[in-house]
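Please look at the sequence and the structure before reading on.

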Amino acid sequence: MKSKIIWSIGHQLKIPNIIKATNCELVDSNGNKYKDLESGVWCTSVGHGNPRVKQTMLEQINKITHTGFVYSNPIIETSASKVLKITGLNGGKCEFLCSGSEAVEFCVRGAKTITDNAKVFTFADSYFGAYGDAAQKEHPDWVRYNWQDCGCSLNESGCQANCEEFLKIPFSEIKTFLFEPGSSSGLVYFPSQNLIQ
C-alpha cells in the first residue's frame, strides 16, 4: 500500500512502524526495540511517556484544552512568570507558541521590524526552522559564518574570531545575531566558547 503521508522532513524514513515508546526506548509493531538518540525533536529530550509530563498534561486537559483569542487561563500567566524568572527577564513578557520554528520566525520578523530589515548574522550549521524567513538560509539578508571551515577553529581552544574568514563579516550591516548553541539537525556540533564570547 502506498503511503498517504508527504515525508518532507529531509531525512530518510528508516522505521515506519514505531507503535510504543518509553523514556528513550522505541518499540516497533514487530516487537523490535531501538534506542531513541535523536536530538532536538520536539520534547523527546524529556523522554517518551515521562510520568511528570503525562500527569501535568492530563490535569490540564481536564481543565481546559486550549485558550482562545479573547479568553485566557491562569496557568499561562504563571508559566510566563516562571520563564521570565528563570531567564532573568523579570520585566519582560512572553509569547507562547507551538514549535521552535514558530518561535524563531516570530523573533526574526520582530527583529527585522525594529532594525529596518538589517542583516541577520548566524552560524552556517544552525537549523532554526522549517519555514518562513528563518528557513531562508541562503537569502541575501542573512550572513552565515561557517566556523567549522575557519582555519583557527582547528586549534585546541577553538575559533578565536580573529581569522581572515571572520574578518570578512560585514558587521556594520548586521543588527541581529541569531544563535543556536548546537546544530540540532543531524550531528550536534558546539562552537568554541571563545567564538561565542
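How many aromatic pairs does the structure hold? The structure, which is a predicted model, holds nine aromatic pairs. The points below begin with these pairs and then turn to the chain as a whole, its salt bridges and selected elements.

**Aromatic pairs**

- Phe-123 and Phe-179 form an edge-to-face pair, with 6.2 Å from centre to centre and 85° between the planes.
- This pair links distant parts of the chain, since Phe-123 lies in strand β4 (residues 119-123) and Phe-179 in the loop between β6 (174-177) and α5 (193-196), 56 residues apart.
- Phe-123 counts as buried at 3% relative accessibility, whereas Phe-179 is partly exposed, with a relative accessible area of 34%.
- Phe-166 and Phe-171 form a tilted pair, with 5.5 Å from centre to centre and 50° between the planes.
- Phe-166 is buried at 14% relative accessibility, while Phe-171 is partly exposed at 41%.
- Ring pairs join Phe-121, Phe-123, Tyr-145, Phe-166, Phe-171, Phe-177 and Phe-179 into a cluster.

**The chain as a whole**

- The chain contains five helices and six strands.
- Read from the N terminus, the elements follow the order β-β-β-α-α-α-β-β-α-β-α.
- Of the 197 residues in the chain, 26% are buried.

**Salt bridges**

- The structure holds three salt bridges.
- In one of them, Arg-109 meets Glu-105, and the closest N and O atoms are 2.5 Å apart. Both residues lie in helix α3 (residues 100-114), four residues apart, which is about one turn of the helix.
- Arg-109 counts as partly exposed at 48% relative accessibility, but Glu-105 counts as buried at 7%.
- The side chains of Lys-112 and Asp-141 also form a salt bridge, at 3.2 Å from N to O. Lys-112 belongs to helix α3 and Asp-141 to the loop between β4 and β5 (142-145), so this pair links distant parts of the chain, 29 residues apart.
- Lys-112 is buried, with a relative accessible area of 10%, and Asp-141 is partly exposed, with 23%.
- Lys-119 and Glu-173 form a salt bridge at 3.9 Å from N to O. Lys-119 lies in strand β4 and Glu-173 in the loop between α4 (164-167) and β6, so the pair ties together parts that are 54 residues apart in sequence.
- Glu-173 counts as partly exposed at 40% relative accessibility.

- Strands β1 (residues 18-22) and β2 (residues 25-28) pair in the antiparallel sense over four bridges.
- Leu-26 in β2 is the bridge partner of Ala-21.
- The two strands form a hairpin with two residues between them, and Asn-23 in the turn has a positive phi of about 55°.

**Helix α2**

- The 14 residues of helix α2 (residues 74-87) should span 20 Å at 1.5 Å a residue, and the end C-alpha atoms agree with this, being 20 Å apart.
- Gly-88 follows α2 and has a positive phi, near 75°.
- Ala-80 lies in helix α2 and is buried, with a relative accessible area of 11%.
- The C-alpha atoms of Ala-80 and Lys-93 are separated by 7.2 Å, and the two residues are 13 residues apart along the chain.

**A nonpolar surface patch**

- Ile-5, Trp-7 and Leu-13 form a nonpolar patch on the surface, with about 340 Å² of accessible area together.
- Ile-5 lies in the segment before β1 and is exposed, with a relative accessible area of 62%.

Methods: Residues are numbered from 1 along each chain as its sequence is written. This is a predicted model: local features need pLDDT of at least 70, side-chain atom pairs count only at pLDDT 80 or more; totals for chains, interfaces and linings use all residues. Side-chain values use heavy atoms; hydrogens and water are left out. Rings of Phe, Tyr and Trp (its six-membered ring) pair if their centres lie within 6.5 Å; planes under 30 degrees apart count as stacked, over 60 as edge-to-face and the rest as tilted. Buried means under 20% relative accessible area, exposed over 50%, partly exposed in between (1.4 Å probe, protein chains only). Two strands pair if DSSP finds at least two bridges between them. Patches are made of residues with over 30% relative accessible area and no salt bridge: like charges are joined within 9 Å, nonpolar side chains (Val, Leu, Ile, Met, Phe, Trp, Tyr) within 5 Å. Accessible areas come from the Shrake-Rupley method with a 1.4 Å probe; for residues, only the protein chains shown count as cover. A salt bridge is a side-chain nitrogen of Lys or Arg within 4 Å of a carboxyl oxygen of Asp or Glu. The expected span of a helix is 1.5 Å times one less than its number of residues.
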